[in-house]
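Subject: Structure handover

Hello,

Here is the structure we talked about handing over. My notes on the sheet, the helix packing and the salt bridges follow below it.

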Amino acid sequence: MHCVICKQGEPGPGRVTVTPERGEAVIVFKGVPAQVCETCGEYHLDEAVSAELLRRAEEAVQHG
């Protein structure tokens, strides 16, 4: 499967930094497992990983 952005690279397992924002808050998650394009670096998270990051980000914002 070719990358949906660059149409040339092949996504493969890797780790990325994800920085969701909510209002004035910015949360940094490092070392997140993802499928990363070898050519352009575009990444995709699976549904379970996305749900866990959302849960943890909401918790962090609630606790300041």
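The sheet is open and has 3 strands in the order E1-E4-E5, with antiparallel pairing. Helices (H or I, at least four residues) and strands (E, at least two) are DSSP runs numbered from the N terminus, and two strands pair if DSSP finds at least two bridges between them. Strand E1 (11–18) and E5 stand at the edges with a single partner strand each, so one side of each has no neighbour in the sheet.

Before the rest, the provenance. This is a predicted model, in which local features need pLDDT of at least 70 and side-chain atom pairs count only at pLDDT 80 or more, while totals for chains, interfaces and linings use all residues. Residues are numbered from 1 along each chain as its sequence is written, and side-chain values use heavy atoms, with hydrogens and water left out.

E1 and strand E4 (residues 29–37) pair in the antiparallel sense over 7 bridges. Within E4, Phe29 is the bridge partner of Val18. Helix H1 (residues 47–62) packs on the sheet and touches E1 and E4 (contact means heavy atoms within 4.5 Å). The direction of H1 makes about 155° with that of E4 (axes are lines fitted to C-alpha atoms, for helices over the stretch in contact, and angles run from 0 to 180 degrees between N-to-C directions).

Tyr43 is in strand E5 (residues 43–44). Leaving aside neighbours within four places in sequence, Tyr43 is in contact with Val16, Thr17, Val18, Ala34, Gln35 and Val36. Tyr43 counts as partly exposed at 30% relative accessibility (buried is under 20% relative accessible area, exposed over 50%, partly exposed in between; 1.4 Å probe, protein chains only).

There are 4 salt bridges, each defined as a side-chain nitrogen of Lys or Arg within 4 Å of a carboxyl oxygen of Asp or Glu. One of them joins Arg22 and Glu58 (2.3 Å, N to O). Arg22 lies in strand E2 (residues 21–22) and Glu58 in helix H1, so this pair ties together parts that are 36 residues apart in sequence. Arg22 is partly exposed at 44%, and Glu58 is partly exposed at 29%.

Glu52, Arg55, Arg56 and Glu59 are linked in a network of salt bridges.

Regards
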